[in-house]
Each structure stands twice: as C-alpha cells, then as structure tokens.
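Come along and see what I looked up.

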Amino acid sequence: MIYNDFQGKKLSALGMGNMRLPVLNGDDSKIDVDAAREMFDYCMKSGINYYDTAYGYHAGQSEIVVGELLKDYDRESFYLASKFPGYDLNNMPKVKEIFPDQLKKCQVDYFDFYMFHNVCELNINQYLDPKYGIYDYLMEQKKAGKIKHLGFSAHGDYDVMKRFLEAYGKDMEFCQIELNYYDYRFQNAKAKVELLKEWNIPVWVMEPVRGGQLATLPEEQTAKLKEARPDEDVPAWAFRFLQSFPTVTVTLSGMSNMDQLKANVKTYEENKPLSDDEMKLILGIADEMIERTAVPCTACHYCVPHCPMKLDIPFLLKLYNEAMADGSGSFIAPMALASLDADKQPESCINCHSCEKVCPQTIHIPEELKKFAVKMGRA
Ligand code: SF4
Ligand code: SF4
C-alpha cells in the first residue's frame, strides 16, 4: 500500500468509502454486515487505514456498521472520517444533536477527520450563516479533541468553493472533491484542484471511477488504453490519473465487493503516474465521453427568470447530465433532489415552454425535465 504524508500522519493513498457497501436484497438500508466485515478485514490486512462514512449513507446505517466493524481494531490503527449532513437543510439547526449522535453511532470518542458535507449552491448560505453556529460548534469540538482535522466536501461549482474558502478556508485542513478524468473538464475539477493548491489545502478524492462509469469503456477506447499500458486494466487508469496529482492525498473508493477491493489494493501497491502522452490520451477519451452528454446546458441562467414555477433549471439539467453520464443515476442526483422543495422538482414543470424561448442552446427544457423525472422514478 502506498502512503501519503498528512501533517506527520501516514494515510493510505486508497481509502475505504462506505456509501456502497454490499447490501441484502438490493435494499440500500440493509448492509450485509458479514460481507462488509470480510472486506474490512481485507482492508486492514492490506494496509488501508482510512475509513470514510457519513450521516446519510445507507439511510443512516453506514455509520452504525462502520462503528461496529472498526471496534474490533485498535483505535490507533485506523483513521475515521464522517461529515455533517448539511445537504439536507432541515439539519442545519441540529448540529449539536447530530454530532454527538454520530460519535455514538460510530462507537468512538473522536473523529480523525470531519467535514461539512456537500458544500454546494443549495446550502452555502446556510453553512455560512452564523445563526446556525455550525462552524463555531465544529471548531469547539476540534478544541475539545473530538475532531482531529476539520475539512469540507464539495459538489458545488468553483465559485461556491471559493466563497466557502474565503469564509472558513484558514481553518480547513483538507477538502474532498469529485475528481476523475471525466470531471476534470466536465465539472471543472481542474480549476478546483488549482484553487485548493492556492489555499495549500490537500485534496481528498471521491468518485474516482464516477460510480463505476469509468470502470468499463467502449471497446475502441479500451483498446487504446491497452496499447498504451498492456498490463493495466481500465479501472486502474482512473487511479493512475489521480496518482498524477501531487496534492491528492487520499482517494476514496466506495467499494461494494471483494473483487473491486482486491483490484484496487493491487493498483495501490505501486505509484505509477501518467506520462504527458498518457494524460493526453485519457483526457481525449474523457472529451469523447463528454460529447455524449445528455443536455448541452451551459448554465447561463437566461431561462430562470422566465419560469413561473421558479425552478432552478440549470441545476436540474446538471443533475440530469450527472445521472445520464453515470448510467445508474448516481447518488448525487437523488441526494440533491431530496434537498429541494417538493414544488422545485423536475416533475414540477408545468410545460409552459416559456424557458425554451430564451435558451441559446435551444434545449427542449420541459421534455428534458420530464425525461429526468422518469429516470429518477418520479414520473
Ligand atoms: S416549461 Fe417548465 S421549466 Fe420551462 S418555464 Fe415552464 S414550468 Fe419552467
Ligand atoms: S437558457 Fe438553456 S443553456 Fe442557459 S441555463 Fe437555461 S437551459 Fe441552460
């Protein structure tokens, strides 16, 4: 296992993400504890010492199971990370209830790493609003030793991250972003990496294979990768891409079975960053994938004032693209939709077509929103 240095700690470069643990009967809230235990044993034996969970993963069960499984190991032998669930605005006033509950669920006295979860357009105002006291409370927990390192995870755009950093950046020790060769351009992750570098904040990576989307590629693209590195399989390229960034410290993979875990552990036996030519090749493949994106919305916002339902059309279309690119609908789209009011959902569109008249991309917005709602099983 490769280790990276963080403030004198040796963190395994591959971290165990606990949002896609094996489940029983396809029910996300019923984790297969025996299968997960076997995976944790393998992680520990392979040198993985970083475990990431969150309040909402597996309908609240991830923290409980992770706590149960890690209690078999010496507390000093692993680093545990969790997050404050501000992706749901109802939680904003509840940090003093939720944080102690999380420690209890995880059966620990402290978190090694703790984050503001999913800082984005929808919650930045609340995260920065002193009336909720989230930042003050978390800083108090840090002083009390219940949080060793404080950071944030971000799904928001560059400007949102910048705003958050301008407010709290001096106290942020790490930041978890979605970084992979597809999002490097598609979600402007390149600029986010550079922004964090300016702030001297190391990068934690989530979605390295984009929920499995980058684990398999069409035949032609797979052949190009095989030609460049005959010994490397397709998912390994996603990790080699990340190994090419010096500020990337921990890469979290939400592994669901032993095969994935074993393959990823093998990849992390060696650090093999991409050469310039290999980087060009993989980013070229990403560009081809981006061309297949469902809706070419540029988030210009021209349409927004024309919507009688006050829908955040560019945001909904961005989520639609996420869901389409992923194939499975990803976890981001359902989570983001759950944080929107019932009358701000894709199916809330009343088909008035006012928005289309001003869209420079000539997108058939109501049709696309309808398709999105259907894909999410909402219509
Ligand atoms: S068609 Fe739908 S999204 Fe467009 S303006 Fe009308 S209600 Fe809003
Ligand atoms: S006007 Fe068109 S391109 Fe602009 S934000 Fe709306 S849907 Fe996207």
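Ground rules: I am reading a predicted model, where local features need pLDDT of at least 70, side-chain atom pairs count only at pLDDT 80 or more, and totals for chains, interfaces and linings use all residues. Residues are numbered from 1 along each chain as its sequence is written, chains are lettered from A and ligands numbered from 1 in the order in which they are written, and side-chain values use heavy atoms, with hydrogens and water left out.

Entry one, helix α3. I found twelve residues here, 95-106; a helix is a DSSP run of H or I with at least four residues, and a strand a run of E with at least two, numbered from the N terminus. From first C-alpha to last, α3 reaches 16 Å, close to the 16 Å expected at 1.5 Å a residue (1.5 Å times one less than the number of residues).

Entry two, its sides. I noted V95, I98, F99, Q102, L103, K105 and C106 as buried (under 20% relative accessible area; exposed is over 50%, partly exposed in between, with a 1.4 Å probe and protein chains only). They cover an arc of only 165 degrees around the axis, so they sit on the same side of α3; the arc is taken from the directions from the helix axis to the C-beta atoms. K96, E97 and K104 are exposed on the face turned away.

Entry three, just past α3. I saw that Q107 has a positive phi of about 55 degrees.
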